[in-house]
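Please read the following report with the sequence and the 3D view side by side. The text goes through sheets, core, helix and backbone in turn.

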Amino acid sequence: MQTISHRFVEQVPAGKEPGILYISLEFGVATHLCPCGCESVVVTRLAPSGWSVIFDGETVTLDPSIGNWSQPCKSHYWIRNNQILWARTFSDREIELVRWRDERDHRAAGKWNRKKEAPRKKKRKNGKARRR
Ligand SMILES: [Zn+2]
């Protein structure tokens with residue numbers, strides 16, 4: 001079983017070691033190197049619409065799973081109790097769906113909502129709104 005250890009840090013160091021999940025509560029971010037060995041830097045934002053870190057006093061769990069779709073390896077795995085649990089690789093279609101869902105969740109989380117509303121109304125008046 002592949003494992004990862006966690007390290008609570010104030011600031012994520014520039015030189016990251018593989019097999020370590022750096023967690024910065026201060027900056028609300030967790031970072032680690034892709035466990036497949038490609039060592040891409042994986043940054044997970046800790047937010048209601050991002051990831052949650054669960055610390056049970058000994059081990060950490062990152063929820064939900066991590067999909068490195070933008071990396072060549074396209075690794076997909078969970079970090080549960082400091083263990084890497086590999087999931088199968090998603091197809092391009094599934095990746096699209098996950099991306100779309102993420103975007104929708106971010107929108108639902110606020111911020112974007114108001115910005116999006118205003119221009120849409122304007123477009124409708126001009127009759128130029130494109131149907132989606
Ligand atoms: Zn990788």
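Strand E3, residues 29–33, is joined to strand E4 by five bridges, and the two strands run antiparallel. One of the residues involved is Ala30, whose bridge partner in E4 is Thr44. The model shown here is predicted.

E3 and E4 belong to an open sheet of four strands, ordered E1-E2-E3-E4, and the pairing in this sheet is mixed. Strand E1 (5–8) and strand E4 (41–45) are the edge strands; each has a single partner strand, so one side of each has no neighbour in the sheet. From one strand to the next, the twist averages 20°.

A further open sheet of four strands has the order E5-E6-E7-E8, and its pairing is antiparallel. Here the edges are taken by strand E5 (52–55) and strand E8 (83–86), each with a single partner strand, so one side of each is left without a neighbour in the sheet. Neighbouring strands in this sheet are turned against each other by 25° on average, with direction ignored. Within the sheet, E6 and E7 run antiparallel and are joined by three bridges. Leu62 has Ile79 as its bridge partner in E7.

Which residues make up the largest nonpolar core? There are eight of them: Leu21, Ile23, Ala30, Val60, Leu62, Ile66, Tyr77 and Ile79. Strands E2 (20–24), E6 (60–67) and E7 (76–80) each supply at least two residues of this core. E6 gives the largest share, three residues. In soluble globular proteins, nonpolar side chains tend to be buried together.

Leaving out residues up to four places away in sequence, Leu21 touches Ile4, His6, Ala30, His32, Val60 and Ile79.

Helix H1 covers residues 92–108, which is 17 residues. From its first C-alpha to its last, H1 reaches 24 Å, close to the 24 Å expected at 1.5 Å a residue. Is H1 buried or hardly covered? H1 is hardly covered: the count of buried residues among its 17 residues is zero. After H1 comes Gly110, with a positive phi near 115°.

Some details of the backbone remain. Most residues other than glycine have a negative phi, and most peptide bonds are trans. Asp63 and Pro64, however, are joined by a cis peptide bond, with omega about 0°. Pro64 is found in strand E6.

Positive phi values occur in Asn81 and in Asn82, neither of which is a glycine. Asn81 is placed in the loop between E7 and E8, and the place of Asn82 is in the loop between E7 and E8 as well. The table lists their values.

| Residue | Phi | C-beta neighbours within 10 Å |
|---|---|---|
| Asn81 | near 50° | 13 neighbours |

Key
Residues are numbered from 1 along each chain as its sequence is written. This is a predicted model: local features need pLDDT of at least 70, side-chain atom pairs count only at pLDDT 80 or more; totals for chains, interfaces and linings use all residues. A nonpolar core is a set of buried Ala, Val, Leu, Ile, Met, Phe, Trp, Tyr and Cys residues joined through C-beta atoms within 7 Å. A residue is buried if 20 or more other C-beta atoms lie within 10 Å of its own, exposed if 12 or fewer, and partly exposed in between; C-beta atoms are placed from the backbone. Two residues are in contact if their C-beta atoms, placed from the backbone, lie within 7 Å. Two strands pair if DSSP finds at least two bridges between them. Axes are lines fitted to C-alpha atoms, for helices over the stretch in contact, and angles run from 0 to 180 degrees between N-to-C directions. The expected span of a helix is 1.5 Å times one less than its number of residues.
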